[in-house]
Amino acid sequence: MNARQFLCRIFSYQFLLVLSLTLVAHSATSAEAIKTPSTVNGPEASATDIPDFMKIVVMNEGAPPTKEQIAFNTISVLNDGMFSIYEKSLAMYKQNFRDRQNLIMGLFSGKGGRFILYRAGQPPLEAESPPEIYRIAKSVGHCAMATYALVAPYVGDAASDQSWLAEMQAYHTSVQSALVALNTAEVKTEERELLSDSLKQVESFMNKTLQKGSFTYEDVLAYARGIKPNLAKLITLASSVQVGHWYKVLENWKQMLGKDWENTYALSNSIYVARQNNILFSVLVQFMGEKTINDRLILLETTDFTATPDAMMDAFIRILSDRALGDVFYNDYRLMDSELLGGGGRRAIEAEAAKRGLKAVLPPMAPYNSTEWPWRTDPASGTGPARMEDVK
């Protein structure tokens, strides 16, 4: 045996000795861990096994969920899954409708509304906005009320709290500029006189408050009541222009669609303040017919004056697709237009009221296919004026 072979054998014996000692030590540690239940089942073990950087996001310091909670979550997730299914189906329903049906969409806007005609299988056709005098009349009328809104928060002590002053000065400059611009605006003589007089009343009130550096509630009231007759005239001017314009548009579209008009759908949007006597919806009724209300002519309640066509279309298609669902499940095409829990809710309210010796206050049970106007219609249901002209 040479020196090289001797050294290799020595190193092999040493390696085997170290490996044996390591295995013995590991076995002892494993056996000790098995003997100590706390290191297996206690929270210390799991906390030790998880790196510190993960504990902040993965460690559950509270009690684990109960079997009942797990069961509830497992069942309630079915409702969450419904939404993704509905969204996918909605896209298909929308495409099918656009390929086969006509729809007129009337939307509120700062320009006097938007009317869009969706012809079956064709790109949307949007009508021109009402003439500019509509926006001018609305702008002047809103200016009068904006001036009130500017000073109203300070009527208690305008002399001490002059937070209104800088904004009043800026708006005063805008009013003066509008008066100058009115001289070259393309409006009729009688319209110019109405607009000019209204702006001059606003300017006069502003001049007084800026000169005094203050105002009282009586000053604000005198200004508001003084300009009130002009505001009524501005409303008449704007609404006449708006309605006349949309009449012409719908007349042309009805002629364009011909016999398909009788199968055409229409909808408009409304927020709370614009539900009663909604102009766009009311104009549509004149062409669609009263019997189409809530059937082919729908008023969608929205949270803003301006709603996007896409959002309106999605809401409309969901109504139509739910009608089909209602017919399949319940044998009634219009049932899904109403809250499904409504009937049970009415009975529950009546029962709870009876327990307390009270009479339940509920609306009458109108049929699902009602064509009643979607706002207040019964003159005997309240008191007081119903029109601005009736207010004294």
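Predicted model: local features only at pLDDT ≥ 70, side-chain atom pairs only at ≥ 80, totals over all residues.
Arg334 forms a salt bridge with Asp337, and the closest N and O atoms of the pair are 3.0 Å apart. Asp337, by contrast, counts as partly exposed, at 34% relative accessibility.

## A network of salt bridges

Asp337 also meets the side chain of Arg323 in a salt bridge, with an N to O distance of 2.8 Å. This pair links distant parts of the chain, the two residues being 14 residues apart. Arg323 belongs to helix α11, whereas Asp337 lies in the loop between α11 (309-330) and α12 (342-355). Arg323 is buried, with a relative accessible area of 1%.

The structure as a whole holds 10 salt bridges.

The side chains of Glu352 and Lys355 form another salt bridge, at 3.2 Å from N to O. Because Glu352 and Lys355 are three residues apart in helix α12, about one helical turn separates them. Glu352 is partly exposed, with a relative accessible area of 35%, while Lys355 is exposed, with a value of 61%.

## A nonpolar surface patch

Phe53, Met54, Ile56, Val57 and Val58 make a nonpolar surface patch of about 570 Å². Val58, one of these residues, is placed in helix α4, which covers residues 52-58. Val58 is partly exposed, with a relative accessible area of 41%.

Terms used
Residues numbered from 1 in each chain as written. Heavy atoms only, no water. Patch = residues over 30% accessible without salt bridge, like charges linked within 9 Å, V, L, I, M, F, W, Y side chains within 5 Å. Areas by Shrake-Rupley, 256 points an atom, 1.4 Å probe, with all protein chains shown as cover. Salt bridge = Lys/Arg side-chain N within 4 Å of Asp/Glu carboxyl O. Helix = DSSP H or I, 4+ residues; strand = E, 2+ residues; numbered from the N terminus. Buried < 20%, exposed > 50% of the residue type's maximum accessible area, 1.4 Å probe, protein only.
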